[in-house]
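Please examine the sequence and the structure below.

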Amino acid sequence: MLTMNDSDRFRWLFVLLAIFFGQLGIHNFYAGHNFRAICQLILTLISFGYLAWIMIPLNILEAIFVLTDGDGKKLA
């Protein structure tokens, strides 16, 4: 059985959030990378979503390579 502390975050949920809501930065809010998430959200809102084609590949790369959350703890 999987036990979870309040600070544990799951990598699979981070990846799903990055794929489906990556342009809004939701996955970075989940992982605790708040500055990065706010930048993504502002960029999406300012461009009215037209820059999503740039951010989609970046979100996929981020989902692959991010191993820790904002506190430096490994994503479970």
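A residue is called exposed when its relative accessible area is over 50% and buried when that area is under 20%, with partly exposed in between. The model to which these terms are applied here is predicted.

Consider helix α1, which spans residues 11-21. Its buried residues are Phe 14, Leu 17 and Ala 18. Viewed down the axis of α1, these buried residues fall within an arc of 100°, and they therefore line one face of the helix. On the other side of α1, Trp 12 and Phe 20 are exposed. The cover over the buried residues of α1 includes α2 and α4, the latter comprising residues 52-65.

Which residues make up the nonpolar surface patch? The patch, of about 1,100 Å², is made by Trp 12, Leu 16, Ile 19, Phe 20, Phe 21, Leu 24, Ile 26, Phe 29, Ile 38, Ile 42 and Ile 46. Two or more residues are contributed by each of α1, α2 (26-31) and α3 (34-46). The largest share, five residues, comes from α1. Phe 29 counts as partly exposed because its relative accessibility is 35%, and patch membership requires a value over 30%.

The charged residues come next. Side chains of opposite charge can pair when their charged atoms come close. How many salt bridges does a search of the whole structure find? The search finds two.

Asp 69 is buried because its relative accessible area is 3%, whereas Arg 9 counts as partly exposed at 22% relative accessibility. The side chain of Asp 69 also has a polar atom 3.0 Å from the backbone nitrogen of Asp 71.

Another salt bridge joins Glu 62 to Arg 36, and here the closest N and O atoms are 2.7 Å apart. Glu 62 in helix α4 and Arg 36 in helix α3 are 26 residues apart, so this pair too links distant parts of the chain. Glu 62 is buried, with a relative accessible area of 12%, while Arg 36 is partly exposed at 35%.

Conventions
Residues are numbered from 1 along each chain as its sequence is written. This is a predicted model: local features need pLDDT of at least 70, side-chain atom pairs count only at pLDDT 80 or more; totals for chains, interfaces and linings use all residues. Side-chain values use heavy atoms; hydrogens and water are left out. Patches are made of residues with over 30% relative accessible area and no salt bridge: like charges are joined within 9 Å, nonpolar side chains (Val, Leu, Ile, Met, Phe, Trp, Tyr) within 5 Å. Accessible areas come from the Shrake-Rupley method with a 1.4 Å probe; for residues, only the protein chains shown count as cover. A salt bridge is a side-chain nitrogen of Lys or Arg within 4 Å of a carboxyl oxygen of Asp or Glu. Helices (H or I, at least four residues) and strands (E, at least two) are DSSP runs, numbered from the N terminus. Buried means under 20% relative accessible area, exposed over 50%, partly exposed in between (1.4 Å probe, protein chains only). The arc is that of the directions from the helix axis to the C-beta atoms. Contact means heavy atoms within 4.5 Å. A polar contact is a pair of N or O atoms within 3.5 Å; within protein, one must be able to donate a hydrogen and the other to accept it, and residues adjacent in sequence count only if both atoms are side-chain atoms.
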